[in-house]
Amino acid sequence: MQQVCLLTVVSLFVTSAQCKTPGLQTRITDRALEYATEVALDILSKQVTGQQIPDQHGQSGDVKFDITGMNVKQFTKPSSRVSLIQNVGLSWSTSGTGLAIHGDFKYKYRKGIIKISDHGSFDLKANGINFQVKIEIGMDGTGRPTMKAVGCSCNVGSADIKFHGGAAWIYNLFSGQLENKLKDMVGGGNGLLCKQLNTLIDVNGMKSLQKLPVTVQIAKRFLLDYRFLSKPSFQTKFMETYHKGEVYWNAVPVDAPFAAPPLLKSSDTSRMMYIWLSDYVFNTMSYNALKYNQLQYNVTNKDLPSGVLNTTCPQSTCIGKIIKAIGTKFPNTTVMLYMKSTSMPNMTAQNGSTVVNASGDIVFFAQQPGGKYTYFLTLSATMSTTISLMIQNEKVFAEVLKLPISVTVKDSKIPVSPEGLNFIVKGIVSVFVEPKLNELGAAGFPLPVINSVHFTNTQLTVAKDTLLIATDLKYSG
């Protein structure tokens, strides 16, 4: 059964105030909920239309009747309103719903020696139907959201029944009782509409919640944790949620030894949804990447333009020609660069720009006959990378804008000239490092959104320690 947009939007992010600063915060505004109820009513209409109604049997005076084969032929969408209830959840109320029901009937009339029986069909139109239901939103012990329908009520304003076939004067003997019986089946807390609403919320809604990705594996090594820290917070115009927003080493999920910084404050409610993403999310990932030796790589000729790391070459673009001491000491072989971070790469978002600062060592080895490697040089490198961020397909993507790298000699067994260092930076490191960073950025950083909900009219603001995403939503379920 299709997911319900009201439930989907509500279930995207659920939490409230807590003692720990979140790595991710969201705000769902009343505009989102109004849009969600319109889509939810469309889906409710599809679910109710064609719904079978249990057979009914009764007696009115001298007439016994049986009503069978009833089903809903038409559902008229009502006007609806969603309001937020502090510390509880949502209240969803509608007015002006209409139902058209078709069924078959048969009756037996007996009075004295007079016996009449007949059968036919009927059409019932129920109008002025109003329903109201509360949706409690909470959190289970695993950090996932929960929702439950509470106190559904439904009233039917009027019911008009028309019979086809049989004697008209007999209808008058039981039509009033039948109308009331059918009104009770449609309305009331246990009637047709409330049963459908309860199923919609308690069953289908929870199925939607189970599809919400509160933990996401990244590169099979990391675990992105979007679990909720506490129950949701409800204000007059919006609900706010707070998520852990931390990246763990998948095999050993232990909290990083630093806290998330405070997020940007904003009172805006002009869009349907707002997502505050802290640079804490990236920094916890880089912390674990460094801790578990993921920020190291052996660079060889296969990673660079052909022959760049050769020590002997006819042209003048290989490392042995540019740094002549390498070509002299290790002729007719290749060089391998062992690159490793020596400190945690740190992302800082501030005043419209996002910068990643990193430092590391570049260790040089010459390959010897038999596959052995001989060490001869270590450089210290620092990098301050400015990146551009964009939001597409509910992911955060990044691209390198500036990649200034500076290197100094940390240890050397050979003389290295400034020209040689410049070659290493521009001809080797930048050629390898920038594509690798862009490759990571092109993979995208997933946001916790169910597949059927998409961003539209999206704006990204970069502020202190915060990426603020303001967006409207579109449901495509």
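Mentor: Buried means under 20% relative accessible area. Keep that in mind for this predicted model.

Trainee: Are Cys313 and Cys318 buried or exposed?

Mentor: A disulfide joins these two, with 2.0 Å from S to S. The link of Cys313 and Cys318 is left-handed, at -80° about the S-S bond. As for accessibility, both Cys313 and Cys318 are buried.

Trainee: How many disulfides does the structure hold?

Mentor: Cys313 and Cys318 form one of them. Cys152 and Cys194 also form a disulfide, their sulfur atoms 2.1 Å apart. Counting bonded cysteines along the chain, the pattern is 1-2, 3-4. The number of disulfides is 2.

Trainee: How many residues apart in sequence are the parts that Cys152 and Cys194 tie together?

Mentor: The link of Cys152 and Cys194 is left-handed, with -85° about the S-S bond. Cys152 lies in strand S8 and Cys194 in helix H4, so the pair ties together parts whose separation in sequence is 42 residues.

Trainee: How far apart are the end C-alpha atoms of helix H2?

Mentor: Helix H2 covers residues 30-48, which is 19 residues. At 1.5 Å a residue, H2 should span 27 Å. The distance in the model agrees: 26 Å.

Trainee: What distance separates the centres of domain 1 and domain 2?

Mentor: Domain 1 is 49-209 and domain 2 is 248-468. Taken over C-alpha atoms, their centres are separated by 63 Å.

Note on methods. Residues are numbered from 1 along each chain as its sequence is written. This is a predicted model: local features need pLDDT of at least 70, side-chain atom pairs count only at pLDDT 80 or more; totals for chains, interfaces and linings use all residues. Side-chain values use heavy atoms; hydrogens and water are left out. Helices (H or I, at least four residues) and strands (E, at least two) are DSSP runs, numbered from the N terminus. The expected span of a helix is 1.5 Å times one less than its number of residues. Domain bounds come from an automatic or database domain assignment. A disulfide is a pair of cysteine sulfur atoms within 2.5 Å. Buried means under 20% relative accessible area, exposed over 50%, partly exposed in between (1.4 Å probe, protein chains only).
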